[in-house]
Amino acid sequence: MPGKEPPRLGKNNSIARNSTIDMMVQITVMALSLVVGIFLARLLGDEGRGEYVLATAFAGQLLLGFTNFGVETAASVMVAKDRSTLAGLHTLLVMGCVAMGGLLLVLWYFTAGFFITWVVPGLPAWSLLALFIALPFWIYQFGCFGMLIGLGRVRDRALFELFFNVVQNLVIVAILVLAAMGRIEGAVPILVACYYGIVVLGCPWIYILVRREGMIWSLPDGGIYRKFARYGFAVYVGNLGANLGQRIDQYFVQQVGGGAAAFGVYTLATGLAARTRVLPQALARSAYARISSADAPEAARLTAACFRQMLILGLLIAIAGSLASPLIPVIYSAVFAPAVIPFVIFLFGRLAANCSWMLSIYFTGYLGRPGIPMMINWTVLPLQAIGAWFALTMGGLVAVAIVTSLGYFLVFLIFLVLFLWWQKEAGWRDLFLPRSEDFAPWRRFIRRLYKRAG
C-alpha cells in the first residue's frame, strides 16, 4: 500500500523479552495491590470494602466498558499495521475524549438519578460525578496504551502502569493509616476521590511517552476516521458484551445477594482470581503487533505458541492458588471466609477466560475481524445473565460462581472451535501439547538479564 509504514519490530521487541518485562511489572503491581487489599479489607470490613469497590473498580470498569469505543484494541491494530496513522489517530482520540467529557457532564446533570438507581444502584451522586469527570481521561490513557502496544513499546507502557499503581496504592495506604489513627473520618469518599484524581493526573505522562515517537498531532483524514469507526465500533460492542458477561454476576450479588457485605466478600473472590490475567495480558500486549503484521502461517503459529505457554503457566497458577485459598480468612479476616470456595472456582473459570483472550488476538489482530468476538460475547451473555440470576436466588455465592465460570468455559469452547476451523496451520496438538522450544526464548532472555546483573 503506498505510503504505508510498517511497524518497526526488531530483535529488541521479541515476544519473550516484552512479555517478561511486562509480567515482572504486573507481578510487582499485583503484589503491591494484594498488600494494600489486605489493609482495605481489615480496616474497612466487608461492608466498607463493598462500598469502595462498588464506587471504583465495579462502577468504573462497567461504565468504561460503555464509553471506551474499543480505543485500545483499535489503536493497537491500526498502528501495528500502519505506523503513519499515529498522528491522525491520536488527534482523533483527543477530539473524541473532549466531546465525551462534555456529553458526560450533561448526562450527569440530567440523568444522575437514573444511573444511581438502575445502572449502579447504591452509588452516591457525587461519586458518579467524579467517575464521569475521570472517564474521558481514562479513555485517553487506554487509547495511548493501544498506540504504545502497536508500536512495540510494551516496556514503556508497563513502566507507566507500574508508576501509576505505585502512586495509587501509596495514596490508599496513607489515607487508611490516617483513618486508623483517627485523623480523618469517612475514609471511603476520600479514597474514591483520590482513585479518580490519580487517573486524571496520569494523562500528562502517558502523553509524553507517545510524543517520543515524533509528530502526534494531525487532522485525521476520512480514511482514518472510517477505519477507526468501523473497527473500533465492532471492538466496542464485543468488549461491552464481554464486560457485561464478567460483571453481571456482581451486579446481581449487589442487588439481591445480601447488599454491600455480600458484595464485598464476592468481589474479593473475583478480584483475587482476576489477578491470574497477569500472564495473558503480558503475552497479549507483546504479541499483538507481531500477530497483526504477520502472514497467515506465522500468525497462527504465534497464536498457538502463546496459547500453549499461557495454558501451562495458567494451570500452575490455578493449582497454586487453590492450595493457598485457606489463607484468605487468615489474611483478610474471618468475615471473608465465604470467599474461599468461590475464589477456587473462579481460578479455573478465569483460566478459561484467559485462554479465550489469547485466541481472540488472532481474530481481532491478524484477521482484523473484531465482529467475531463480538458475536461470541453477545451470544453467550443472555445465558450468563439468566444462569447467574437463578443460581444466586437458589444457591447463593458458590452457585453463582459455578454458573459464571461455566459461562467462561462456554466462551472458550466457541473460540477454540472457530480458531481450529478458520485456519489450518495450527491444530489440536499445536494448542495443547507443550514443546521444548516454547520457553527457550524466555530462558535466553532471563540468562541475559542474569549476566547483566552479574
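Analyst: The accessible surface of the chain comes to about 19700 Å² (Shrake-Rupley method, 1.4 Å probe), and 69% of that surface belongs to carbon and sulfur atoms. The model is a predicted one, in which local features need pLDDT of at least 70 and side-chain atom pairs count only at pLDDT 80 or more, while totals for chains, interfaces and linings use all residues. Residues are numbered from 1 along each chain as its sequence is written, and side-chain values use heavy atoms, with hydrogens and water left out.

Of the 454 residues, 55% count as buried, that is, under 20% relative accessible area with a 1.4 Å probe, protein chains only. The secondary structure comprises 16 helices and 0 strands, taken as DSSP runs (H or I, at least four residues, for helices; E, at least two, for strands) and numbered from the N terminus.

Within this chain, helix α4 (residues 125–150) packs with helix α5 (residues 154–180) at an angle of about 145°, their axes being 8 Å apart; axes are lines fitted to C-alpha atoms over the stretch in contact, and angles run from 0 to 180 degrees between N-to-C directions. Gln141, Phe145, Leu148 and Ile149 of α4 make the contact with Val154, Arg157, Phe160 and Phe164 of α5, where contact means heavy atoms within 4.5 Å. By class, this contact of α4 with α5 has 6 nonpolar, 1 polar and 1 charged residues, with Ala, Val, Leu, Ile, Met, Phe, Trp, Tyr, Cys and Pro counted as nonpolar, Asp, Glu, Lys and Arg as charged, and the others, Gly among them, as polar.

Definitions and conventions:
Buried means under 20% relative accessible area, exposed over 50%, partly exposed in between (1.4 Å probe, protein chains only).
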